[in-house]
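Subject: Model for you to look at, with notes on its ligand site and pockets

Dear colleague,

Please find below the structure I promised to hand over, followed by what was found in it.

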Amino acid sequence: MPLWTTLSQHITDATGASFQARRQRSVGGGCINGAYIVEDGLQCYFVKTNTFDKAAMFAAEAAALQTILDSHTLRAPHPICHGVADGHAYLVLEFIEMGSHSAHSAALLGEQLAAMHHVTTTRFGWDIDNTIGATPQINTWRDNWIHFYGEQRLRFQLELAARNGYPMLAKGEKLIDHLPDFFTSYQPHAALLHGDLWGGNWGAGPQDNPVIFDPALYYGDRETDLAMTELFGGFPATFHAAYAAAFPLDKGYAIRKDLYNLYHILNHLNLFGSRYSDQSARLIDQLLAELRG
Ligand code: ADP
């Protein structure tokens, strides 16, 4: 059966409301997946597709969106169904009309992200391994954040970089050995994170209310989400002000944010190649120098 016929049946089964795709339009913007708006004149859905081997990635994304929704803190698209159809992995989401955001929606995002970061658990990780971009992200539960971040975030990317021909593991290992020095007067909590919060992963939905999507969710130090909002831009000053007012940051964040963004720079090195090689090496050197200073 062709993809859209099978998907229509899966949507009908999931919602209990008959759906028959009449129009599907490819939409740009996604880095990793095919993205479509599909409608039947009455209902409209947002569909992501990829090769069939990416079914687990979409299952993890659906579970992450549901976890965010269950926290009742931030708006995210409702997952409708996911699976494999006609040889493609797919994820069907509620369609949310999104426009450009304003100072107001950014401030609400700051407040609501702070609320989401107040949702905590006792260990670091998640029940499901997921992906950051297309790179696997290991979420095995750990009691110790420094161990979690050193092994499952930094060492994982450094070893992948070495396999990809960018040997900076020795330098990176020095940093991993000294990670406790970044946490001498700071005790992170295992907070519910978006995990991939760059400016392209939020928008303003109806009534200028913020919406987050495309999470790489796990429970970890909330500073990692904040650090990423500063890495590639896209977050107005009102966002930062509202977050800080709702949930003030520890002063050591100023140094740890570079440590946390190293994970994403290394991931970019592994995804997009050599143009991130110098930046990764320089950042490790800078962090090692900060430890010495
Ligand atoms: P990818 O995983 O391929 O990066 P995203 O989940 O980031 O894809 O989605 C790509 C774009 O599609 C986003 O930038 C956003 O503008 C839009 N989008 C994502 N989810 C929805 C949705 N549920 N409803 C409407 N538009 C969406």
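What volume does the second largest pocket have? The second largest pocket has a volume of about 210 Å³, where a pocket is an open set of points on a 1 Å grid over the protein atoms alone, with protein on both sides within 12 Å along at least five of seven lines, and a volume is the space filled by probe spheres set on the points, which are joined across faces, edges and corners.

Please bear in mind that this is a predicted model, in which local features need pLDDT of at least 70 and side-chain atom pairs count only at pLDDT 80 or more, while totals for chains, interfaces and linings use all residues. Residues are numbered from 1 along each chain as its sequence is written, and side-chain values use heavy atoms, with hydrogens and water left out.

The lining of that second largest pocket comprises 13 residues, and Asp181, Phe182, Gly252, Ile255 and Arg256 are those nearest its centre; a lining residue has an atom within 4 Å of a point. By class, five of the lining residues are nonpolar, three polar and five charged, with Asp, Glu, Lys and Arg taken as charged, Ala, Val, Leu, Ile, Met, Phe, Trp, Tyr, Cys and Pro as nonpolar, and the others, Gly among them, as polar.

Turning to the ligand, there are 15 residues around it, of which Asn33, Phe46, Lys48, Glu94 and Ile96 come nearest (a residue is near if one of its heavy atoms lies within 4 Å). This shell holds eight nonpolar, four polar and three charged residues. Because domain 1 (3-94) and domain 2 (103-292) both give residues to the shell, the ligand lies between them; the domain bounds come from an automatic or database domain assignment.

Among the polar contacts (pairs of N or O atoms within 3.5 Å), a ligand oxygen atom is 2.6 Å from an N or O atom in the side chain of Lys48. Ligand nitrogen atoms are also involved, with one 2.8 Å from a polar backbone atom of Glu94 and one 2.9 Å from a polar backbone atom of Ile96.

Notes. Polar contact = N/O pair within 3.5 Å; in protein donor to acceptor, adjacent residues only side chain to side chain. 1 Å grid on protein atoms, 1.4 Å probe; cavity = no way out; pocket = protein on both sides within 12 Å on 5 of 7 lines; lining within 4 Å.
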